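The sequence and the structure are shown first, and the discussion follows.

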Amino acid sequence: FITEIDSKSCINIFMILLFFDIWTKLMFSTTLLFTFIALSLAELRPISKDNMDFSRWDKVLGTHVTLNQTTNGISLNVFNYSGLTGDWNFENFTWQVENADTTGFSYIEFKAFWLNVYNYLAVRLVYKNPCAQDVFGACRPIHSITEVGTQQPSLVVSVWNYKDLTIKSLNKTFSLQDIQDALRSPPNNWTEDVRIFTALEDASVSGPNIRNSAFSASPLELEKQLIVGAKELLANPAKGSRVEGDSLRVSSIFRFYRGDFEGRSNKSSSESLEKFLMLYGPSAVREYLEKNPKPILFFFTYDWNLNGDVTALCNAERICFPWWAFLVIGMSIILISGLLVLVYKKSKRREYEVVN
């Protein structure tokens, strides 16, 4: 009897100790979690003149950008779009931008903010819209950022005019085009910096490489980053610039925005495309321009394929429900409703004839 009591007591004591151990560890883990969340929230503040904090976007780029890959024979940096799922830094930067206060920005801060936000929005648009559909509604991963916007059932829009980012303090929802227009025509009589075109990444193979770090609001650092970006694009012989015998082939970016590089805009600081190429081009291009001040220019075909893979984000078996399906369903509802009304009226007429 004593042995039996002792055994039960030992079991009870063991269970109490086990429960206490589990409860202690659970409370410790919970405390750590809430402390971490509290610290994160305490540090998270909207971007403003007093808080030019791009550290979270910097971490996103450092985590998801892989340097020096090759697609279709073109060297580029690749972005891992599927890696954004569950990325707190991406979500936190979204909050910082949506709640940003741009009041009082200097031109350096203005450029750093909108360059980062443009590149963020390009990534976000691809991440949020990874699927396209065939005529039967079956999904497939998009091949290009230019397919974003065509999924909308109510209105098919160009991705560049797809308004998807609301900044509350400005009471405006921005598209990529809105941001580019702001950079091309900056306020306060600031001069357009044409190097934005070698810094704005459009999620494509032929576009400027997406950086693995954010643009800085430090004047010296931003200047260095813009110089490196311009030189890096022009040094790429498959999409930036290349001497071809007695001619020069350059990126189609210089065709799209040639007026900006030629100084045709009152706000542009650039005098000519040739001077820009002389300033930032590789040695072979500079030597060619010294011998040919009025060069014969050709442009690379622009490769709009994505600078990353979104297959993991798009379930190929899911029905995308193409825009025209809404039209078909609406017309079908109207047609069926009309037929039901006709049948009802006909039946009522027969009842009336039978009664009379």
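With which residue does D164 form a salt bridge? The partner of D164 is K128, and the closest N and O atoms of this salt bridge are 3.2 Å apart. A salt bridge here is a side-chain nitrogen of Lys or Arg within 4 Å of a carboxyl oxygen of Asp or Glu.

The model is predicted: local features need pLDDT of at least 70, side-chain atom pairs count only at pLDDT 80 or more, and totals for chains, interfaces and linings use all residues. Residues are numbered from 1 along each chain as its sequence is written, and side-chain values use heavy atoms, with hydrogens and water left out.

**Salt bridges**

Side chains of opposite charge can pair when their charged atoms come close. By the rule stated above, the structure contains 15 salt bridges.

| E109 | K49 | 3.0 Å |

Helices (H or I, at least four residues) and strands (E, at least two) are DSSP runs, numbered from the N terminus. D164 is buried at 15% relative accessible area, whereas K128 is partly exposed at 44%. In these terms, buried means under 20% relative accessible area, exposed over 50%, and partly exposed in between, for a 1.4 Å probe and protein chains only.

R124 is buried, with 7% relative accessible area, while E98 is partly exposed at 22%. A network of salt bridges links E98, R124, K128 and D164.

Between E109 and K49 the salt bridge spans 3.0 Å, N to O. E109 is in helix 4 and K49 in the loop between helix 1 (2–43) and helix 2, so the contact ties together parts 60 residues apart in sequence. Of this pair, E109 is buried at 12% relative accessibility, and K49 is partly exposed at 39%.

**Disulfide**

A disulfide is a covalent bond between the sulfur atoms of two cysteines. The working criterion is a pair of cysteine sulfur atoms within 2.5 Å, and a search of the whole structure finds one such link. Its partners are C131 and C314, with sulfur atoms 2.1 Å apart. The link of C131 and C314 is right-handed, with 130 degrees about the S-S bond. The two cysteines are 183 residues apart and join distant parts of the chain: C131 is in strand 3 (residues 131–133), and C314 is in the loop between strand 9 (297–299) and helix 11 (323–355). C131 is buried at 6% relative accessibility, and C314 is buried at 5%.

**Cavity and pocket**

Rolling a probe the size of a water molecule over the atoms shows where empty space is left. On a 1 Å grid over the protein atoms alone, a cavity is a set of points where a 1.4 Å probe fits but cannot get out; a pocket is an open set with protein on both sides within 12 Å along at least five of seven lines, and lining residues have an atom within 4 Å of a point. Grid points are joined across faces, edges and corners, and a volume is the space filled by probe spheres set on the points.

The structure holds one cavity of 30 Å³ or more, and the volume of the largest cavity is about 30 Å³. Its lining consists of W57, L61, N116, N119, I210, R211, S213, A214 and F215. Helix 2 (55–64) and helix 4 (107–128) each supply at least two residues of that lining.

The largest pocket has a volume of about 290 Å³. Of its 20 lining residues, N77, N209, I210, R211 and E232 lie nearest the centre. Strand 1 (65–71), strand 2 (74–79) and helix 6 (219–234) each contribute at least two lining residues, and helix 6 gives the most, with four.
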